[in-house]
Amino acid sequence: MKNLNSLFVLILIAISACGQQKESSVKAEEPQNLEYTTQLIVPDLMIPWGMTFLPDGSMLITEKTGEIILFKDGNKTNIEGAPDVYVRGQGGLMDIKTHPDYENNGWIYITFGSAKGEGDGGNTAIMRAKLKDNKLIEKQLLYKAVPNSKKGQHWGSRIAFDNDGYLYFSVGDRGNRDVNPQDIMRDCGKIYRLNDDGSIPNDNPYVNTQGAKKAIFSYGHRNPQGMVKNPFTGQIWVNEHGPRGGDEINIVEKGKNYGWPVISYGINYSGTTFTEITEKEGMEQPLFYWVPSIAPSGMTIVSSEKYPEWKGNALVGALKFEYLERLVIENNKVTKREKLFEGIGRLRNVVQAPDGYIYIGVEGQGIFKIIPKK
């Protein structure tokens with residue numbers, strides 16, 4: 001009996017060890033002397049997923065349920081002609097971004113859940129349109145991921161432009177972990193790159209690969225809900241949700257494999273493991289990973305002179321813990337983490353506007369502006 005008891009204890013220890021995770025190397029700290037506060041600018045929003053700014057200082061905001069709102073001079077106006085949005089689970093009307101040369105061409109880009117195409121359900125799509133008299137016109141569907149699915153998970157989706165004017169957008173793995181992310185013949189679990197008119201750049205990594213999705217720029221992603229051009233390097237940075245732990249920040253590079261789900265610092269929500277490895281040849285390591293998960297959403301990298309203490313830092317919304325996380329980064333390594341505005345709510349998005357101020361979207365509340373206390 002004694003030997004049986006000892007064996008039982010050893011089995012319990014082994015099971016416990018399997019569920020243990022390597023925690024993030026840098027712990028999040030409370031702010032010591034926060035020099036900034038928040039001011040509610042746009043109230044009464046439910047899930048303000050995306051926001052972008054027009055040359056006159058007005059703001060376009062997407063609500064996940066399908067509305068596009070113009071906020072100008074303190075007033076909210078619903079924009080007519082929004083796309084037909086398939087709302088399910090985490091999917092709906094997602095990001096919105098003006099073209100870098102918007103003042104000359106007027107193009108606005110939008111990602112959303114779409115039911116177009118064969119099969120029940122929907123998948124992530126990206127379109128562009130112009131705004132005239134509070135209505136979207138000249139609407140063009142640029143890309144629609146397939147196949148449709150009735151699953152509610154992992155739609156992505158954010159939009160960014162690089163310094164050369166290429167358009168990037170993300171689509172999550174759509175809950176099909178073991179099929180989509182590692183297969184370049186399939187959509188989902190990818191970062192895509194297009195020309196601004198929706199055509200495929202001739203130097204995309206898989207344009208000459210038979211059967212591959214030509215728009216893919218990188219693969220092996222789970223659910224990227226943050227994306228931004230680094231204003232100092234021009235690189236495209238993304239953050240993405242892991243499962244239980246293993247959220248990541250990645251610098252996206254052409255044709256690279258970011259490992260999901262072959263390598264991961266996360267485990268199943270049940271506490272069991274789905275992979276035994278965190279590294280593999282031919283797969284990229286994240287710039288940073290979070291264990292436990294913070295459920296990262298929107299992200300920006302601060303370049304504004306209005307926040308001198310934060311310049312060069314990354315700001316990431318933490319949906320799970322309801323704060324804005326500040327990451328101090330030196331030589332592409334996170335050296336410090338700080339919790340900002342803890343308890344503000346589920347922080348869905350963070351954007352540095354052309355006026356240099358940073359705006360954050362909080363679910364159930366609205367858009368806040370971060371302003372100096374002095």
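Student: Are Tyr143 and Tyr192 buried or exposed?

Tutor: Buried means under 20% relative accessible area, exposed over 50%, and partly exposed in between, with a 1.4 Å probe and protein chains only. Both Tyr143 and Tyr192 are buried. For Tyr143 the relative accessible area is 14%, and for Phe169, also buried, the value is 0%. This is a predicted model, where local features need pLDDT of at least 70, side-chain atom pairs count only at pLDDT 80 or more, and totals for chains, interfaces and linings use all residues. Residues are numbered from 1 along each chain as its sequence is written, and side-chain values use heavy atoms, with hydrogens and water left out.

Student: How many aromatic pairs does the structure hold?

Tutor: Rings of Phe, Tyr and Trp (its six-membered ring) pair if their centres lie within 6.5 Å; planes under 30 degrees apart count as stacked, over 60 as edge-to-face and the rest as tilted. The structure holds 15 aromatic pairs. In one of them, the ring centres of Tyr143 and Phe169 are 5.9 Å apart and the planes stand at 55°, so this pair is tilted. Tyr143 belongs to strand 10 and Phe169 to strand 12, so the pair ties together parts 26 residues apart in sequence. Strands (E, at least two residues) are DSSP runs, numbered from the N terminus. Tyr143 and Tyr192 also form a tilted pair, with 5.1 Å centre to centre and 45° between the planes. Here strand 10 holds Tyr143 and strand 13 holds Tyr192, 49 residues apart. Elsewhere, Tyr36, Tyr307 and Trp310 make up one aromatic cluster.

Student: Which residues touch the most other members of the largest nonpolar core?

Tutor: In soluble globular proteins, nonpolar side chains tend to be buried together. A nonpolar core is a set of buried Ala, Val, Leu, Ile, Met, Phe, Trp, Tyr and Cys residues joined through side-chain atoms within 4.5 Å. The largest one has 20 residues, and Tyr109, Ile126, Tyr143, Leu167, Phe169, Tyr192 and Leu194 touch the most other members. At least two core residues come from each of strand 10 (135-144), strand 11 (159-161), strand 12 (167-171), strand 13 (190-194) and strand 14 (216-219). Strand 12 gives the most, with three residues. Another core lies apart from this one and has 18 residues, among them Val26, Ile251, Ile294 and Val334.

Student: What covers the faces of strand 17?

Tutor: Six of the six residues of strand 17 (residues 247-252) are buried, so this strand is largely enclosed by the rest of the structure. Asp247, Ile249 and Ile251 on one side are buried, as are Glu248, Asn250 and Val252 on the other; both faces are covered.

Student: Which strands pair with strand 17?

Tutor: Strands of a sheet pair through backbone hydrogen bonds, either parallel or antiparallel. Two strands pair if DSSP finds at least two bridges between them. Strand 16 (residues 236-240) runs antiparallel to strand 17, joined by five bridges; Glu240 has Glu248 as its bridge partner. These two strands form a hairpin with six residues between them, and Gly245 in the turn has a positive phi of about 85°. Strand 18 (residues 288-290) is antiparallel to strand 17 too, through three bridges, with Ile249 opposite Phe288.

Note on methods: Helices (H or I, at least four residues) and strands (E, at least two) are DSSP runs, numbered from the N terminus.
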